[in-house]
Amino acid sequence: MESQDAAKPRSSKPKKPTFRVVSSGRCGASYYGDPQTTASGERFDPSAMTAAHKTLPLGSKVRVTNPANGEAVTVRINDRGPYIGGRCLDLSRAAFAAIGNVSSGVMKVKYQVLAR
């Protein structure tokens, strides 16, 4: 007689890495798309899920949520900026477009700094 566990199909999906929230906040976010070398030394890719922040360590993961529509994206910090008051994140064009309308140029966001 087979056990009940043997009858259940097993999921072949790999588990997503789990993260804990280290800090969070709200601020303005803008986007940029000009080709340049980032502070991390890599070539900026406007289609990558990356962002600039003034002080977070390069390589940090940040979940950015647009509270107006609930859309969220996780980005990797690979550059420094923005240097305009009231803004704490400069998202790549792709990251900004994933959660909002690029024609707006700036949006209020909620962010969570993540750690494994």
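**Aromatic pairs and a buried valine**

Tyr32 and Phe44 are both buried (under 20% relative accessible area; exposed is over 50%, partly exposed in between, with a 1.4 Å probe and protein chains only). This is a predicted model, where local features need pLDDT of at least 70, side-chain atom pairs count only at pLDDT 80 or more, and totals for chains, interfaces and linings use all residues. Residues are numbered from 1 along each chain as its sequence is written, and side-chain values use heavy atoms, leaving out hydrogens and water.

A pair of aromatic rings is described by the distance of the centres and the angle of the planes. Rings of Phe, Tyr and Trp (its six-membered ring) pair if their centres lie within 6.5 Å; planes under 30 degrees apart are stacked, over 60 edge-to-face, the rest tilted. The count here is 2 aromatic pairs.

Take Tyr31 and Phe96. Their pair is tilted, at 5.0 Å centre to centre and 45° between the planes. Tyr31 sits in strand E1 (residues 20-32) and Phe96 in helix H2 (residues 93-99), 65 residues apart. Helices (H or I, at least four residues) and strands (E, at least two) are DSSP runs, numbered from the N terminus. Tyr31 is partly exposed at 26% relative accessible area. Phe96 is buried at 0%.

Now Tyr32 and Phe44. Their ring centres are 4.4 Å apart and their planes at 20°, so this pair is stacked. Tyr32 lies in strand E1 and Phe44 in the loop between E1 and strand E2 (50-52), so the pair ties together parts 12 residues apart in sequence.

Val102 lies in the loop between H2 and strand E6 (106-115). Val102 is buried, at 18% relative accessible area. Leaving aside neighbours within four places in sequence, Val102 is in contact with Tyr31, Arg93, Phe96 and Ala97 (heavy atoms within 4.5 Å).
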